[in-house]
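Welcome! Let's take a friendly look at who meets whom in this fold.

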Amino acid sequence: MPDLNISLIPIPDLPEFVADSATIGQGNAIPLKINYKRVITEFSAAKRTIEYTCSGLTGDQITYLQSLVNTNLKNLLRRTDPVSQDISMSGLLFTGCFIRSVLPNGALTIESQSLIDSTKIIYETFGYVLV
């Protein structure tokens, strides 16, 4: 009988948590025209986004992630590099990813600790790639 391997995808800034789902997308694309040997070819360049959906995070963990988002925003406004890391998923390696947004949805409070029903955590690559 063949073996079944299941790979669980951890959240990069909370490695003890596993994502319910993870998707790879792209941000706003910008058009590029490449002139190679007098032939003009149009391409688009976009930043890659990696979106994790997870459930059961606590309010403290959401606050921690939101502080990372705020730090990255301040660094980008100061024209310094955001706090980045490499993310590997499905055999692909995305270098220079930083947490861009945290979107909690719904909460349940149990003994003064709030548990978030569903949270979207979005990472973005620092550089552009051709798409």
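## Around Pro12

Beyond its neighbours within four places in sequence, Pro12 is in contact with Tyr52, Gln85, Ile87 and Tyr123 (contact means heavy atoms within 4.5 Å). Pro12 is found in the loop between strand S1 (10–11) and strand S2 (14–18); strands are DSSP runs (E) of at least two residues, numbered from the N terminus.

This is a predicted model, where local features need pLDDT of at least 70 and side-chain atom pairs count only at pLDDT 80 or more, while totals for chains, interfaces and linings use all residues. Residues are numbered from 1 along each chain as its sequence is written, and side-chain values use heavy atoms, leaving out hydrogens and water.

## Two ring pairs

The structure holds two aromatic pairs (rings of Phe, Tyr and Trp, the last by its six-membered ring, with centres within 6.5 Å; planes under 30 degrees apart are stacked, over 60 edge-to-face, the rest tilted). Tyr52 and Tyr123 are edge-to-face, because their ring centres are 5.8 Å apart and their planes stand at 90 degrees. Tyr123 is buried, at 0% relative accessibility (buried is under 20% relative accessible area, exposed over 50%, partly exposed in between, with a 1.4 Å probe and protein chains only).

Phe98 and Phe126 are also edge-to-face, with centres 6.4 Å apart and planes at 70 degrees. Phe98 is buried at 3%, whereas Phe126 is partly exposed at 38%.

Terms used. Helices (H or I, at least four residues) and strands (E, at least two) are DSSP runs, numbered from the N terminus.
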